[in-house]
Amino acid sequence: MSHQLATRPARPSALLVTGGLIGTAVVAVALNAVVATTAHAAGASHDFQPLQLSAYAPLTVFGVLIGAAAWAVVRARSARPARLLRTLVPVVVLLSLIPDIMVGVSDSRAGTSWGAVVALMVMHVVVAAVAVPAFQRLLPLPAAQE
């Protein structure tokens, strides 16, 4: 086996990647629905629009797709994609929490409470927790070169 074959990931089929991303998005939306339902049961207002399916479902799908695109770019262009992603993923998740915190601080939306804001923050973590393992299988990284 040549060195190139040992370190280059196999190119997954477009159908596999597409189906995998759809499945990833469905699982992430379903788990975010559990988070929203739990938040409402714990007292978060139903008036807080970001915890409504019509608000978080499209954003969850968008997050999965943008994450996959970014993963693919890093995979294709970085000399050490695994190393870069070990830093990049947590940083992006942390940065994604800033708008949620700003909603809590500003109290600018109807029904805002810190419980609702924490639920939104958990949703960001849920998307990453579902997407990253899916990306590892759908868009595998080259063997360690470090």
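Colleague: In which helix is Met102 found?

Modeller: Met102 is found in helix α4, residues 81-106. The model is a predicted one, in which local features need pLDDT of at least 70 and side-chain atom pairs count only at pLDDT 80 or more, whereas totals for chains, interfaces and linings use all residues. Residues are numbered from 1 along each chain as its sequence is written, and side-chain values use heavy atoms, with hydrogens and water left out.

The secondary structure comes to 5 helices and 0 strands, in the order α-α-α-α-α along the sequence. Helices (H or I, at least four residues) and strands (E, at least two) are DSSP runs, numbered from the N terminus. The C-alpha trace spans about 60 × 30 × 20 Å along its principal axes. Of the 146 residues in the protein, 34% are buried; buried means under 20% relative accessible area, exposed over 50%, and partly exposed in between, with a 1.4 Å probe and protein chains only.

Met102 counts as partly exposed because its relative accessibility is 47%. Together with Val91, Leu95 and Ile98, Met102 makes a nonpolar surface patch of about 360 Å². A patch is made of residues with over 30% relative accessible area and no salt bridge, like charges being joined within 9 Å and nonpolar side chains (Val, Leu, Ile, Met, Phe, Trp, Tyr) within 5 Å. A salt bridge is a side-chain nitrogen of Lys or Arg within 4 Å of a carboxyl oxygen of Asp or Glu. The areas come from the Shrake-Rupley method with a 1.4 Å probe, and for residues only the protein chains shown count as cover.

Asp107 is found in the loop between α4 and α5. Most residues other than glycine have a negative phi. Asp107, although not a glycine, has a positive phi of about 50°. Asp107 counts as exposed because its relative accessibility is 51%.

Helix α4 also contributes to the lining of the largest pocket, as do α3 (53-77) and α5 (114-138); these are the elements that give two or more residues to that lining. The largest share, 11 residues, comes from α3. The pocket holds about 930 Å³ of space and is lined by 33 residues, of which Leu59, Gly63, Ser96, His124 and Val127 lie nearest its centre. A pocket is found on a 1 Å grid over the protein atoms alone, as an open set of points where a 1.4 Å probe fits, with protein on both sides within 12 Å along at least five of seven lines; lining residues have an atom within 4 Å of a point. Grid points are joined across faces, edges and corners, and the volume is the space filled by probe spheres set on them. The lining divides into 24 nonpolar, 7 polar and 2 charged residues. Here Ala, Val, Leu, Ile, Met, Phe, Trp, Tyr, Cys and Pro count as nonpolar, Asp, Glu, Lys and Arg as charged, and the others, Gly among them, as polar.

Val27 has its place in helix α2, residues 14-41, and is partly exposed because its relative accessibility is 41%. Ala129, in helix α5, is exposed because its relative accessible area is 52%. Ala129 and Ala28 are 101 residues apart in sequence and 8.7 Å apart in space, C-alpha to C-alpha. Val64 lies in helix α3 and is buried, because its relative accessible area is 0%.
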